[in-house]
Amino acid sequence: GRGLVSTSTSRPPSGGQDPLETDVYHDEEEDEDDDEDDDDEEEEEEDSSEISASDEDGSWIAWFCGLRGNEFFCEVDEDYIQDDFNLTGLNGLVPYYDYALDMVLDVEMPMEDTLTEEQQEIVESAAEMLYGLIHARYIVTNRGMHAMYEKYRSASFGRCPHVFCQGQPVLPVGLSDLP
């Protein structure tokens, strides 16, 4: 009656598996037949997970996405942010753009560039706005859509409260694209 469409009843293309269900970013393959290599791989995986966990836990992006009210953001790859092409035109929209970008990327500020407390607050606000603008561009890329799809699939955005929707995951909808 209300025009609600449930995507859970759609069927995959006739070729087999739903392309959104495939994990195209899975790079690691485990070899279960080789017991000697398994021990080495487990040690390497432990080392790399320790490094990545400490890097991600301490990053500005992870901190920002973990704040209350920022649950709808996904973590944008730092490679995407470091590519100047992806940031074209944003320097005119964000005050203290260079400082804000350095804050998002966790670049240490030189001692001679110390900011006043008021300027620091402006830079922090600018970094949040810059990340939102970068995020808006990122989520329309293949990697960004995949990240948002994973959040949708895990119902990170919530579930429909209508009884006939049967707990269907929902997507956030913005009424404006202005910062």
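In the predicted model, a salt bridge joins Asp-77 to Arg-143, with 3.4 Å between the closest N and O atoms. Asp-77 belongs to the loop between helix H2 (60–66) and helix H3 (78–82), whereas Arg-143 is part of helix H6 (residues 142–153), so the pair ties together parts that are 66 residues apart in sequence. Both partners are partly exposed: Asp-77 has a relative accessibility of 27%, and Arg-143 has one of 35%.

The count of salt bridges comes to two. Besides the pair formed by Asp-77 and Arg-143, a salt bridge is found between the side chains of Arg-153 and Glu-150, where the distance from N to O is 3.8 Å. Arg-153 and Glu-150 are both located in helix H6, and because they are three residues apart, about one helical turn separates them. Arg-153 counts as partly exposed at 41% relative accessibility, and Glu-150 is likewise partly exposed, with a relative accessible area of 29%. Helix H6 thus contributes Arg-143 to the bridge with the loop between helix H2 and helix H3, and it holds both Arg-153 and Glu-150.

Asp-106 is placed in the loop between helix H4 (97–104) and helix H5 (117–138). With a relative accessible area of 36%, Asp-106 is partly exposed. Gln-166, by contrast, is situated in the segment after H6 and has a relative accessible area of 72%. Because this value is over 50%, Gln-166 counts as exposed.

A further residue of the loop between H2 and H3 is Asn-70. The relative accessibility of Asn-70 is 12%, and because buried means under 20%, Asn-70 falls into the buried class. Asp-77, which is located in the loop between helix H2 and helix H3 as well, is instead partly exposed at 27%. When neighbours within four places in sequence are left aside, Asn-70 is in contact with Phe-64 and Cys-65. The loop between H2 and H3 therefore includes the buried residue Asn-70 and also Asp-77, the partner of Arg-143 in helix H6.

Note on methods. Residues numbered from 1 in each chain as written. Predicted model: local features only at pLDDT ≥ 70, side-chain atom pairs only at ≥ 80, totals over all residues. Heavy atoms only, no water. Salt bridge = Lys/Arg side-chain N within 4 Å of Asp/Glu carboxyl O. Helix = DSSP H or I, 4+ residues; strand = E, 2+ residues; numbered from the N terminus. Buried < 20%, exposed > 50% of the residue type's maximum accessible area, 1.4 Å probe, protein only. Contact = heavy atoms within 4.5 Å.
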